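Visitor: I have a model open here and would like to go through a few of its side chains with you. Could you take my questions as they come?

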Amino acid sequence: MFEVSEEASEKIRQFLEGREGLKSIRILITEGGWRGPYLVMALDEQKPDDEAIVDRGVTFLVEKALFEKVKPIRIGYTHSTLGLGYTIESELPKRVEEVTAGCSEIYDNCKKVTR
């Protein structure tokens with residue numbers, strides 16, 4: 001399942017309006033550093049192993065293997081105290097097995113933290 005809120009769809013269409021070149025929105029995974037992997041959006045072209053979803057005239061691309069791991073994907077648009085922006089919700093696991101928290105290998109008291 002793939003859902004895009006009306007407001008997110010409208011904002012994306014406004015962004016793409018009159019734009020030359022790439023007009024497909026790719027959903028991809030980024031490593032994310034300390035917070036772990038998360039999904040982001042970027043302009044891209046379709047590749048053979050993509051799932052292409054058209055919603056209200058906007059083409060979204062997700063690598064098929066990734067889509068199977070994280071679906072459903074829900075794209076929204078938020079108005080928060082931190083500002084305006086897109087949100088991407090999915091079933092992407094949030095758990096990070098091992099994290100080294102706030103320490104350096106120089107110190108003896110560094111411990112692996114399991115979440």
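Visitor: Is Tyr-77 buried or exposed?
Guide: Bearing in mind that this is a predicted model, Tyr-77 counts as buried, because its relative accessibility is 18% and the cut-off for buried is under 20%.

Visitor: And which ring does Tyr-77 pair with?
Guide: Tyr-77 forms an aromatic pair with Tyr-86, and the arrangement is edge-to-face, with 5.1 Å centre to centre and 80° between the planes. Tyr-86 is partly exposed, at a relative accessible area of 34%. A search of the whole structure finds 3 aromatic pairs.

Visitor: How do β6 and β7 pair?
Guide: β6 and strand β7, which covers residues 83-89, run antiparallel to one another and pair over 7 bridges. A hairpin of 2 residues joins β6 to β7, and Ser-80 stands opposite Gly-83 in β7.

Visitor: Switching to the core, which residues touch the most other members?
Guide: The largest nonpolar core has 19 residues, and those touching the most other members are Phe-2, Ile-27, Leu-39, Phe-60, Val-62, Ile-73 and Ile-75. The elements that give two or more residues to this core are β1 (2-4), α1 (6-16), β2, β5, α2 (64-70) and β6 (73-80).

Visitor: What does Phe-60 touch, sequence neighbours aside?
Guide: Leaving out residues within four places in sequence, Phe-60 is in contact with several others, including Phe-2, Val-4, Ile-12, Ile-25, Ile-27 and Ile-75, and also Glu-51 and Asp-55. Phe-60 also belongs to an aromatic cluster with Phe-2 and Phe-67.

Visitor: What about Glu-63, then?
Guide: Glu-63 lies in strand β5, residues 58-63, and counts as partly exposed at 36% relative accessibility. Not counting residues up to four places away in sequence, Glu-63 touches Arg-26, Asp-49 and Asp-50.

Visitor: One last thing, which ring does Arg-19 lie over?
Guide: Arg-19 lies over the face of Phe-15, at 4.0 Å from the ring centre.

Terms used
Residues numbered from 1 in each chain as written. Predicted model: local features only at pLDDT ≥ 70, side-chain atom pairs only at ≥ 80, totals over all residues. Heavy atoms only, no water. Helix = DSSP H or I, 4+ residues; strand = E, 2+ residues; numbered from the N terminus. Buried < 20%, exposed > 50% of the residue type's maximum accessible area, 1.4 Å probe, protein only. Contact = heavy atoms within 4.5 Å. Core = buried A, V, L, I, M, F, W, Y, C linked by side-chain atoms within 4.5 Å. Pairing = 2+ DSSP bridges. Phe/Tyr/Trp six-rings, centres within 6.5 Å; stacked < 30°, edge-to-face > 60°. Lys NZ or Arg CZ within 6 Å of the ring centre and 35° of its normal.
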